[in-house]
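Subject: A structure for you to look at

Hello! Here is the structure I promised to pass on, and my notes follow below it. Please open it first and keep it beside you while you read.

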Number of protein chains: 2
Amino acid sequence: MRERTCALVVVGNEILSGKVQDSNAYFAARELRKIGVALQRIATIPDDLAVIAEEVAYCSQHFDLVITSGGVGPTHDDMTLEGVAIAFKRKLVRHPELEQLIRQHFRDRSLDAGLKMAEVPEGAILNTGGDIRFPTVQIENVYVLPGIPQLFESKLLALKERFTTDPYFMRAIYTQSSEDAIAEFLNACLKQFPALMLGSYPRIGHSEYRVKLTLESKDSDYLERAFAHLMELLPRDAVVKVE
Amino acid sequence: MRERTCALVVVGNEILSGKVQDSNAYFAARELRKIGVALQRIATIPDDLAVIAEEVAYCSQHFDLVITSGGVGPTHDDMTLEGVAIAFKRKLVRHPELEQLIRQHFRDRSLDAGLKMAEVPEGAILNTGGDIRFPTVQIENVYVLPGIPQLFESKLLALKERFTTDPYFMRAIYTQSSEDAIAEFLNACLKQFPALMLGSYPRIGHSEYRVKLTLESKDSDYLERAFAHLMELLPRDAVVKVE
C-alpha cells in the first residue's frame, strides 16, 4: 500500500506571538488523513527569509509533499515565495499569468503592492480547479497556500484529489482503565502486530472513559486481526465502547 | 533589553493525524509573550525517537529555552524523555526521587508501567513549585512537559517566573483599507524604524475592519515614536480604531 508523506510549514509571527490561533494545521491534518496522506511534520516559523528557506528545503527533501500556509500577501511581512525561491536556489520572476490576474483584480487600486504577489520562483506551476479564484503556486513538491483560513481551506480542498492515496482504516477502544494498567497489553499487541499504528490517549475529567486507544493501518485485514487480538488481551470489564 | 528565545516541540501522532487539536502551542505562545519571551519555533513531530532527538538537539542549540509537550506517559508511544536523552547523548536512568513519588502514587497498581516515568536522562533536574503534583524534568535548557492540556498549562504557569524577561509593548491600528493600499506606508515606516516588529493581518468578513496592524517593541519609547509616525503616514479616514 502506498505511503505518501507530507510536511506543513506554517509561516507567521502572529501565531508564534499568540495573537492568532492557527487553525490551518488542524484542518490540514484532518483532511490529509481522510485521503490517506501521512502528515509527519508541522513547523511553525517566523516571517524570516532564511528560516523559511531552510525549513522548506529540509521538508522538500524529506517528505513527498510540502504545504506552506501564510506569508503570501502584498506587505513587507509576506515573504514565503521569496523564501521558497531561496530554498530551491531559483530567481523570483514575475509570472505573466499571475500578473494579468492581479491587474484585473486590482484595477486602479495600488497595483505596485499587488504585483508583489505575481513574483514567484522561476519555473513555478500554477494550479487551478476547484472553488478558488487565484491559482495555487507550486514549486517542485511544495504548494504555497495563503494563511487566511477561508482561503487556505478552499485551496487545500481544491488540491485534495491530486494528493489522495490509499486510505487509513481505524478502530477505537475506549477504556475505564488507566494507561499504566493497560500498558503491558498494548506492548504485547505491538509485539504480535509491529506494523500497527497504536495510540493511547488519556483524558482527564471525561465521564465515559479514561483512555482512548486508536488502532490504524492501511491494511484493513491486518487492522481487524490486531483489533481482535488486543480485545482478547484487555480485561473485558475495562472496555466501555468500541468504534 | 534582553531577548530570550524559545522553541516549542509538540510530540504526538494524534495531532499530526488530526485526531486531536493541539491547544498547548496557543497557550504557550500567549503566556510566553506576556513574559517577554520570543517563541520562534513550534515543531509538531511524531512519536519517533530519532525525530524527537534530532528536533530537540536542534532547538536546544538554537534557542535559549526549549519546551516539549507530550509523550511522557507510561505507554509504548511515550518516548520524549528517551528522545531527549539521545539528543544530549546521555543514558536514561531511574531517578530516585521520581521513583519514590511514583511508588507512592501507584501503590498496588501496575507499578512497572508507572516506573517508566521515573526514567530520565542522566543529570536531569527536577523543578517543583507552583500548582503541580509531579516535578517538571529539565535537561540543560529543555523542559519536558506532558501533553494533556490541564497538566501542560499548570506546569508552564509554574515555570513562568523563571522564564520572565523584559516585556514587549504593543500598539494596534485597525483599518478599513486593504493591505495593498497601505503596503507602501508600512514599508516607509519600517525604513524609519527598522527594529519595529510590524504585523499586517487581513481579515475576511469582519464588519469593523479589513486589516489589523500590530506594532511591537521592547522599547516603549521607540514603539510610541514608530506608532506616531505610522499614524501620520496612513490616510486618516482609513483608521477605524487604535489600541
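**Where the two chains pair**

Two strands count as paired if DSSP finds at least two bridges between them. Helices (H or I, at least four residues) and strands (E, at least two) are DSSP runs, numbered from the N terminus.

Before going on, please note that this is a predicted model, in which local features need pLDDT of at least 70, side-chain atom pairs count only at pLDDT 80 or more, and totals for chains, interfaces and linings use all residues. Residues are numbered from 1 along each chain as its sequence is written, while chains are lettered from A and ligands numbered from 1 in the order in which they are written.

**How the copies are related**

Chain B is superposed on chain A by a rotation of 180 degrees with 0.0 Å of shift along its axis, and the RMSD is 0.0 Å. That is the relation of a two-fold axis. The superposition is by least squares on the C-alpha atoms of residues with pLDDT of at least 70 in both copies. Which residue of chain B comes closest to the rotation axis? It is Ala43(B), with its C-alpha at 2.3 Å.

In the interface, 46 residues of chain B are in contact with 46 residues of chain A; contact means that the C-beta atoms, placed from the backbone, lie within 7 Å. Helix H8 (179–192) of chain B is one of the elements that each supply at least two residues to this side of chain B, and H8(B) gives the largest share, eight residues. By class, the side of chain B that touches chain A has 20 nonpolar, 16 polar and ten charged residues. Here Ala, Val, Leu, Ile, Met, Phe, Trp, Tyr, Cys and Pro count as nonpolar, Asp, Glu, Lys and Arg as charged, and the others, Gly among them, as polar. The copies meet through the same surface, because 100% of the interface residues of chain B are also interface residues in chain A.

**A sheet and its helices**

In chain B, four strands form an open, antiparallel sheet in the order S10-S11-S9-S12. Its edge strands are S10 and strand S12 (239–242), each pairing on one side only. From one strand to the next, the twist averages 20 degrees. Within this sheet, strand S9 (residues 169–175) of chain B pairs with S12(B) over three bridges, and Tyr174(B) has Lys241(B) as its bridge partner.

H8(B) lies across S9, S10 and strand S11 (211–217) of chain B, at about 175 degrees to S10(B). Such angles run from 0 to 180 degrees between N-to-C directions, and axes are lines fitted to C-alpha atoms, for helices over the stretch in contact.

Now turn to chain A, where helix H8 (residues 179–192) and helix H9 (residues 220–233) pack at an angle of about 145 degrees, with their axes 10 Å apart. Phe185(A), Ala188(A), Cys189(A) and Gln192(A) in H8(A) meet Ala226(A), His229(A), Leu230(A) and Leu233(A) in H9(A). The residues of this contact are six nonpolar, two polar and no charged.

Happy exploring!

Technical notes:
Two residues are in contact if their C-beta atoms, placed from the backbone, lie within 7 Å.
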